Amino acid sequence: MVSERWEAAAFKSRVDEVLCDFVAREADQFAAVDPALDPVARQLEQAVAEGKRLRAAFCYWGWRAAGQPDSGALVRAAASMELVHAAAIVHDDLIDDSALRHGRPTAHVALRSAVRRRPRAVNAARSLAMLVGDLLMSLAGQLFVSSGLPAAYLGRARPLWAALARELIAGECLEILHTGAMPDTSASLKVIRYKTAKYTVEQPLLIGGALAGAGERLREGYSAYGLPLGEAFQLRDDLLGLFGDPERTGKANLDDVRGHRPTALLAETWRIAGGEEREQLRALLGRRDLDGDGLEAVRALMLRLKAPDRIEEMITGRVEEATRCLHDLDVPGHATAALTALAQSAAVRHH
């Protein structure tokens with residue numbers, strides 16, 4: 001008998017078990033094609049070894065809040081959301097040329113050892129990583145349809161899978177198109193919404209709800225809760241990306257500034273800055289040789305302008321909006337409690 005009380009660690013363990021078993025089997029079959037593929041197969045497994053499993057949790061509670069009971073098949077379907085995330089991370093690290101993720105070399109860096117004796121080894125490793133990401137996205141669909149849920153349930157969610165992929169890729173494309181451009185808060189928030197917010201919270205909730213047969217009003221409530229919360233999640237990432245402890249985030253603080261990425265934190269800094277401060281930012285943003293001193297200069301400028309405080313206000317406002325919407329829904333009390341706890345986990349964190 002599964003407790004009605006939300007136990008995040010226990011749920012994470014269930015999802016981890018599904019992912020590790022499924023991906024290990026797939027990686028073994030992949031490597032069986034040829035021994036040379038073994039390093040690529042190991043990166044498939046590495047891609048799912050870490051994670052908060054928030055996307056799976058939102059899918060699960062999209063199902064439970066619609067009145068459905070706990071289900072092992074549903075947990076398998078929800079775990080597929082984490083494979084979408086793993087694919088997105090591999091591709092995102094490749095696009096951003098990030099060297100670290102969870103404190104380990106990213107896929108395109110780790111795979112250099114597999115091609116180090118070949119011409120243009122760096123490019124070859126990047127190509128391999130791209131294919132790892134592609135395969136992870138394919139495996140997400142495979143795990144979903146083989147979850148054990150009835151075909152009629154899966155059919156209800158199929159259109160949402162198309163929307164999830166379309167919007168995630170649109171957000172990634174928008175980030176590329178806006179990288180290096182004049183910082184603009186509205187453009188940054190649009191990138192956040194499509195690149196992260198939708199596939200992190202809203203779409204998993206909607207997919208869980210569709211599997212459960214949720215009605216239109218509940219689905220509208222999921223979006224009203226999910227979009228602002230998803231934005232709060234990424235705004236927190238923006239802050240952690242620049243001001244977080246790399247020992248906890250597992251990522252380098254320099255990445256966003258070196259890449260001149262269109263984060264809301266940078267956009268708000270630019271909006272508040274005067275002419276001299278903007279000139280200082282122009283001299284630092286996008287420099288591949290930016291060092292620790294340059295990073296400290298950017299941080300000091302942001303703190304002086306209170307841009308991080310503005311982002312904190314945006315996070316707080318979005319979490320409050322999400323939880324207000326949640327309490328307007330007619331869902332079981334244990335679902336309200338779980339989704340309230342998940343809102344805090346998504347927005348109030350250190351990694």
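# Reading the terms in a predicted model

Student: Why is Met314 called buried?

Tutor: In this predicted model, Met314 has a relative accessible area of 4%. Buried means under 20%, so Met314 with its 4% is counted as buried.

Student: Where is Met314 placed, and which residues is Met314 in contact with beyond its neighbours within four places in sequence?

Tutor: Met314 belongs to helix α15, which covers residues 307-327. With those neighbours left aside, its contacts are Leu189, Leu235 and Glu268.

Student: How far apart are the C-alpha atoms of Met314 and Tyr153?

Tutor: They are separated by 37 Å, and the two residues are 161 residues apart along the chain.

Student: Which residues have the most contacts inside the largest nonpolar core?

Tutor: They are Leu83, Ile207, Leu211 and Tyr225, in a core of 103 residues. Helix α4 (residues 72-96) gives the most to this core, contributing 13 residues.

Student: Which residues is Leu211 in contact with, leaving aside its neighbours within four places in sequence?

Tutor: Leu211 is in contact with Trp63, Leu74, Ala77, Phe144, Leu149, Tyr153, Leu154, Arg156 and Ala157.

Student: What makes the pair of α4 and α6 roughly antiparallel?

Tutor: The axes of α4 and α6 cross at roughly 165 degrees and come within 8 Å. Angles over 145 degrees count as roughly antiparallel, and therefore α4 and α6 are described in that way. Their crossing is left-handed.

Student: Which residues in α4 and α6 meet?

Tutor: On the α4 side they include Ala77, Leu83, Val84 and Leu94, and on the α6 side they include Ala129, Met130, Leu136 and Phe144.

Student: How do α13 and α14 cross, parallel or antiparallel?

Tutor: Helix α13 (residues 275-284) and helix α14 (residues 292-305) have axes that cross at roughly 150 degrees and come within 10 Å. The value of 150 degrees is over 145, so α13 is roughly antiparallel to α14. This crossing is left-handed. Among the residues that meet here are Leu281 and Leu284 in α13, and Ala297, Val298 and Leu301 in α14.

Student: How many salt bridges does a search of the whole structure find?

Tutor: The search finds 27 salt bridges.

Student: How do you know that Asp28 forms a salt bridge with Arg42?

Tutor: The closest N and O atoms of the pair are 3.7 Å apart. A salt bridge needs such atoms within 4 Å, so the pair with its 3.7 Å is counted as one. Asp28 lies in helix α1 (residues 8-31) and Arg42 in helix α2 (residues 38-47), and the pair links parts of the chain 14 residues apart.

Student: What relative accessibility makes Asp28 partly exposed?

Tutor: The value for Asp28 is 48%. Buried is under 20% and exposed is over 50%, with partly exposed in between, so Asp28 at 48% is partly exposed. Arg42, at 29%, is partly exposed as well.

Student: What is the N to O distance in the salt bridge of Glu45 and Arg42?

Tutor: It is 2.7 Å, which is within 4 Å, so the pair qualifies as a salt bridge. Both residues lie in helix α2, three residues apart, about one turn of the helix. Glu45 has a relative accessible area of 27% and is partly exposed.

Student: Are Glu167 and Lys198, which meet in a salt bridge, buried or exposed?

Tutor: Both are buried. Their N to O distance is 3.7 Å. Glu167 lies in helix α7 (residues 151-178) and Lys198 in helix α8 (residues 185-212), so the pair ties together parts 31 residues apart in sequence.

Student: Which residues are linked in a network of salt bridges?

Tutor: Lys12, Asp16, Arg53 and Glu82 are linked in this way.

Student: Why does Arg120 count as exposed?

Tutor: Its relative accessibility is 65%. Exposed means over 50%, so Arg120 is placed in that class. Arg120 is found in the loop between α5 and α6, and has a positive phi of about 50 degrees although it is not a glycine.

Student: What relative accessible area makes Lys306 exposed?

Tutor: Lys306 has 53%, which is over 50%, so Lys306 is exposed. Lys306 is found in the loop between α14 and α15, and its phi is positive, about 60 degrees, although Lys306 is not a glycine.

Terms used. Residues numbered from 1 in each chain as written. Predicted model: local features only at pLDDT ≥ 70, side-chain atom pairs only at ≥ 80, totals over all residues. Heavy atoms only, no water. Core = buried A, V, L, I, M, F, W, Y, C linked by side-chain atoms within 4.5 Å. Buried < 20%, exposed > 50% of the residue type's maximum accessible area, 1.4 Å probe, protein only. Helix = DSSP H or I, 4+ residues; strand = E, 2+ residues; numbered from the N terminus. Contact = heavy atoms within 4.5 Å. Salt bridge = Lys/Arg side-chain N within 4 Å of Asp/Glu carboxyl O. Axes fitted to C-alpha atoms, helices over the stretch in contact; angles between N-to-C directions. Parallel < 35°, antiparallel > 145°, perpendicular 65-115°, else oblique. Left-handed = near helix turned anticlockwise from the far one by under 90°.
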